[in-house]
Amino acid sequence: MKKYTSYDELPLTLNAEDIQAVMNISRAGAYTLMHREDFPTIRIGKRMVVPREKFLEWREKNAERR
């Protein structure tokens, strides 16, 4: 699994492995998250990616709820 020490190190688009590393969740958990309607996933054919900025916005928005 990849390790990131800051959000600046994240790629422009995140895949399931990146989401797994950042959120410290399982791979299955990352895919479950990426299938949620409120999660900013973009589909390119069968591939799913998340723009870094949209992910960070989603994370901030959802951190406020807790």
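The side chain of Asn 62 reaches the backbone oxygen of Trp 58 at 2.8 Å, a polar contact in the sense of N or O atoms paired within 3.5 Å, where within protein one atom must be able to donate a hydrogen and the other to accept it, and residues adjacent in sequence count only if both atoms are side-chain atoms. The model is predicted: local features need pLDDT of at least 70, side-chain atom pairs count only at pLDDT 80 or more, and totals for chains, interfaces and linings use all residues. Residues are numbered from 1 along each chain as its sequence is written, and side-chain values use heavy atoms, with hydrogens and water left out.

**Helix α3**

- Asn 62 belongs to helix α3, which covers residues 52-64; helices (H or I, at least four residues) and strands (E, at least two) are DSSP runs numbered from the N terminus.
- With a relative accessible area of 14%, Asn 62 is buried; buried means under 20%, exposed over 50% and partly exposed in between, with a 1.4 Å probe and protein chains only.
- Apart from neighbours within four places in sequence, Asn 62 is in contact with Arg 36 and Asp 38, contact being defined as heavy atoms within 4.5 Å.
- Ala 63 also lies in helix α3, and its relative accessible area of 46% makes this residue partly exposed.
- A separation of 19 Å is found between the C-alpha atoms of Ala 63 and Tyr 4, which are 59 residues apart along the chain.

- Asn 15 caps the N-terminal end of α1, with a side-chain oxygen 3.0 Å from the backbone nitrogen of Glu 17.
- The buried residues of α1 are Ala 16, Asp 18, Ile 19, Gln 20 and Ala 21, and their cover includes β1 (13-14), α2, β3 (47-51) and α3.
- Gln 20 has a relative accessibility of 15% and counts as buried.
- Not counting residues up to four places away in sequence, Gln 20 touches Met 1, Ile 25, Ser 26, Arg 27 and Ala 30.
- Asn 24 is placed in the loop between α1 (16-23) and α2 (27-34), and at 66% relative accessibility this residue is exposed.
- Phi of Asn 24 is near 55°, a positive value in a residue other than glycine.
- Most residues other than glycine have a negative phi.

**The chain as a whole**

- The protein chain contains three helices and three strands, in the order β-α-α-β-β-α from the N terminus on.
- The radius of gyration of the protein chain is 11 Å, close to the 11 Å that the globule rule gives for 66 residues, so the chain is as compact as a globular protein of that length; the radius is taken over C-alpha atoms, and the rule is 2.2 Å times the number of residues to the power 0.38.
- The C-alpha trace spans about 30 × 25 × 20 Å along its principal axes.
- Buried residues account for 29% of the 66 residues in the protein chain.
- Of the contacts between residues at least 6 apart in sequence, 35% join residues at least 24 apart.

**Surface and charge**

- The accessible surface of the protein chain comes to about 4,800 Å², of which 49% belongs to carbon and sulfur atoms; accessible areas come from the Shrake-Rupley method with a 1.4 Å probe, and for residues only the protein chains shown count as cover.
- The protein chain carries 13 positive and 10 negative side chains, and the centres of the two sets lie 7 Å apart.
- Lys and Arg count as positive and Asp and Glu as negative, while His and the chain ends are not counted; the place of a charge is taken as NZ of Lys, CZ of Arg, CG of Asp or CD of Glu.
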